[in-house]
Amino acid sequence: MNMTHYMELLAVNQPWNLILFMAIPVALAETIAITELAILFTHRFDGMMRKVNKICSIIVGVYFLVIFIYLFVNAVIPFTLNGEWRGWIDIIAVGFYLMGVLPLLGLSLIDLGIIGRRWSEEQKLKYHSTFVGIFLVVAHIAMIFGMLDPSIGGHSHHMHM
């Protein structure tokens with residue numbers, strides 16, 4: 001079976017690429033989602049849950065920005081210049097994965113006080129929850145398309161590893 005570049009990235013250099021490009025950002029995003037639910041249900045905008053939430057939000061935004069820059073320079077630009085994309089399915093998988101930088105960076109910018117400095121804690125959490133939701137949607141779209149065989153979308157070249 002042919003693989004998208006997304007799936008190939010996760011499959012090579014086991015288990016490190018899977019950990020670096022999938023497990024760390026998803027675990028941080030899920031931690032943020034869980035702590036936000038606890039904060040929303042308890043209405044406690046301070047304390048340990050909020051601290052964990054804030055630390056994870058800052059780390060994941062900066063971490064994923066580094067991933068975005070690395071993959072954009074080392075994958076997107078070369079694939080585009082050399083015509084190496086494996087069809088539209090491959091572009092959607094990689095594109096949606098990289099789009100995750102927008103909501104994750106938004107989390108960091110809120111918790112670093114760069115945006116929403118004058119917002120109430122409840123407003124910040126509303127935007128936070130929205131950003132986490134957006135990340136989960138784009139990450140799942142990337143995963144779904146990433147697991148498809150690019151030949152389903154008409155790509156006929158075989159994978160080179």
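This is a predicted model: local features need pLDDT of at least 70, side-chain atom pairs count only at pLDDT 80 or more; totals for chains, interfaces and linings use all residues.
Which residues does Y6 touch, not counting residues up to four places away in sequence? Y6 touches M22, D90, A93, V94, Y97, A142, M143 and G146, where contact means heavy atoms within 4.5 Å.

Residues are numbered from 1 along each chain as its sequence is written, and side-chain values use heavy atoms, with hydrogens and water left out.

**View 1. The chain as a whole.** The chain contains six helices and zero strands, in the order α-α-α-α-α-α along the sequence; helices (H or I, at least four residues) and strands (E, at least two) are DSSP runs numbered from the N terminus. Taken along the principal axes, the box filled by the C-alpha atoms is roughly 55 × 25 × 25 Å. Of the 161 residues, 39% are buried, a term that stands for under 20% relative accessible area, with exposed meaning over 50% and partly exposed the range in between (1.4 Å probe, protein chains only). Among contacts between residues at least 6 apart in sequence, 78% join residues at least 24 apart. The chain exposes about 9000 Å², and carbon and sulfur atoms supply 72% of that area, as given by the Shrake-Rupley method with a 1.4 Å probe.

**View 2. The largest nonpolar core.** A nonpolar core is a set of buried Ala, Val, Leu, Ile, Met, Phe, Trp, Tyr and Cys residues joined through side-chain atoms within 4.5 Å. The largest one here has 31 residues, of which Y6, Y97 and L107 touch the most other members. Each of α1 (5-11), α2, α3, α4, α5 and α6 supplies at least two residues of this core, and α3 gives the most, with eight residues. Y97 is also among the residues touched by Y6.

**View 3. Helix α5 and its surroundings.** Helix α5 (residues 101-111) is mostly covered, since eight of its 11 residues are buried. The buried residues are V101, P103, L104, G106, L107, S108, I110 and D111, and they pack against α2 (16-42), α3 (48-81), α4 (87-99) and α6 (121-146). After α5 comes G113, whose phi is positive, near 80°.

**View 4. Y127 in helix α6.** Y127 lies in helix α6 and is partly exposed, with a relative accessible area of 39%. Leaving aside neighbours within four places in sequence, Y127 is in contact with I110 and W119, and I110 is one of the buried residues of α5. The C-alpha atoms of Y127 and G116, which are 11 residues apart along the chain, are separated by 9.3 Å.

View 5. R86 lies in the loop between α3 and α4 and counts as buried because its relative accessible area is 9%. The side chain of R86 makes a polar contact with the side chain of E8 at 2.7 Å; such a contact is a pair of N or O atoms within 3.5 Å, and within protein one must be able to donate a hydrogen and the other to accept it, while residues adjacent in sequence count only if both atoms are side-chain atoms. E36, which lies in helix α2, is buried as well, at 2% relative accessibility. Leaving aside neighbours within four places in sequence, E36 is in contact with N53, L125, H128, S129 and V132.

**View 6. Backbone features in two loops.** Most residues other than glycine have a negative phi, and most peptide bonds are trans. In the loop between α1 and α2, where N13 is found, the phi of N13 is near 60°, a positive value in a residue other than glycine. P15 has its place in the loop between α1 and α2, and the peptide bond from Q14 to P15 is cis, with omega near -5°. H43 is found in the loop between α2 and α3, and its phi is positive, near 60°. N13 is partly exposed, with a relative accessible area of 47%, whereas H43 counts as exposed at 54% relative accessibility.
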